[in-house]
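This note is intended for a colleague meeting the structure for the first time. The points below may be read alongside the display.

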Amino acid sequence: MNKHPLEVMTIPTTGPASAPQTLSRTQATPMHLLLLEDDIDLGQAVAEHLEAQGHTVSWLKTCEQADRAMAQPDIELALLDLRLPDGDGIELLKNWRARGDRRPVLMLTARDQISDRIKGLQAGADDYLVKPFDLDEMVARMEAVSRRVGLSQAPVLRTNRVALDFDNKVARLDGHQVTLTAMEWSLLSCLAARPGHTLSRQQIRTALFQPGRIEAESNSMEVIISRLRRKLGTELISTHRGLGYRLDL
């Protein structure tokens, strides 16, 4: 495989950079990032730099692994290499966008032809970096992408009767605040991460429960959804038999 030589640098900054993010994102809040990069040296350098700033990084090395990971709603931004052992990152990105996934994606590419960059942006990438790149520039571009996405999404989601305030973790029905448990709010936030899209039981279970905990094997999810429907109305969360659940706006 033709890989670009590792030449990443870090330049000291005068202070922490920050930007508002989507929905409940507040300034300088760490994100859960997906890093798709099969170059070990580069992947390790990027992951360590991001983790040192408080981010959680899921570092993966194949398109198949990345596709499974992006099925989880807790991933907030993807850093995507284009030349992978099992496929092309541009085709992977096209599939994500075709499924309605609008989470921000920053391309990390060794392809320095303008036509290649255009293909990536047309496939749905929000920005790109050509290797070799500076790690602090990468972070700045991540924040700029998140800021642009954040400007297009209000911190409150509304239906005819329900308002979800993600900054304050408050739900209101017909203007009146509704008391939710931590697990009820977590499940509601999971669905609200992709409103209008059906999330499978496994996607929700992965986001809510730690592996091996008894709740993951019980009917806890159905119980929580039943309670949310009682508190916020039966029309808020719809069941799609054999597929999963959806937050309807």
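1. How many bridges join strand β1 to β2, and do the two run parallel or antiparallel? The model under discussion is a predicted one. In it, β1 (residues 32-36) is joined to β2 by five bridges, and the two strands run parallel. One of the bridge pairs links H32 with T56 in β2.

2. These two strands belong to an open sheet of five strands, whose order is β2-β1-β3-β6-β7 and whose pairing is parallel. The edges are formed by β2 (56-60) and β7 (127-130); each has a single partner strand, so one side of each is left without a neighbour in the sheet. On average, neighbouring strands are turned by 20 degrees against each other, direction ignored.

3. Helices lie across this sheet. Helix α1 (residues 40-52) lies across β1, β2 and β3 (77-81), and runs at about 170 degrees to β2. Helix α4 (residues 114-123) lies across β6 (105-109) and β7, at about 150 degrees to β7.

4. A further point concerns a pair of helices. The axes of α6 (residues 182-192) and α8 (residues 220-232) come within 10 Å and cross at roughly 90 degrees. Angles of 65 to 115 degrees count as roughly perpendicular, and α6 and α8 are therefore roughly perpendicular to each other.

5. Which residues form the contact of α6 with α8? From α6, M183, E184, L187 and L188 take part; they meet M221, I224, I225, R227, L228, K231 and L232 in α8. By class, this contact has eight nonpolar and three charged residues, with no polar ones.

How values were computed
Residues are numbered from 1 along each chain as its sequence is written. This is a predicted model: local features need pLDDT of at least 70, side-chain atom pairs count only at pLDDT 80 or more; totals for chains, interfaces and linings use all residues. Side-chain values use heavy atoms; hydrogens and water are left out. Axes are lines fitted to C-alpha atoms, for helices over the stretch in contact, and angles run from 0 to 180 degrees between N-to-C directions. Helices (H or I, at least four residues) and strands (E, at least two) are DSSP runs, numbered from the N terminus. Angles under 35 degrees count as roughly parallel, over 145 as roughly antiparallel, 65 to 115 as roughly perpendicular and the rest as oblique. Contact means heavy atoms within 4.5 Å. Ala, Val, Leu, Ile, Met, Phe, Trp, Tyr, Cys and Pro count as nonpolar, Asp, Glu, Lys and Arg as charged, and the others, Gly among them, as polar. Two strands pair if DSSP finds at least two bridges between them.
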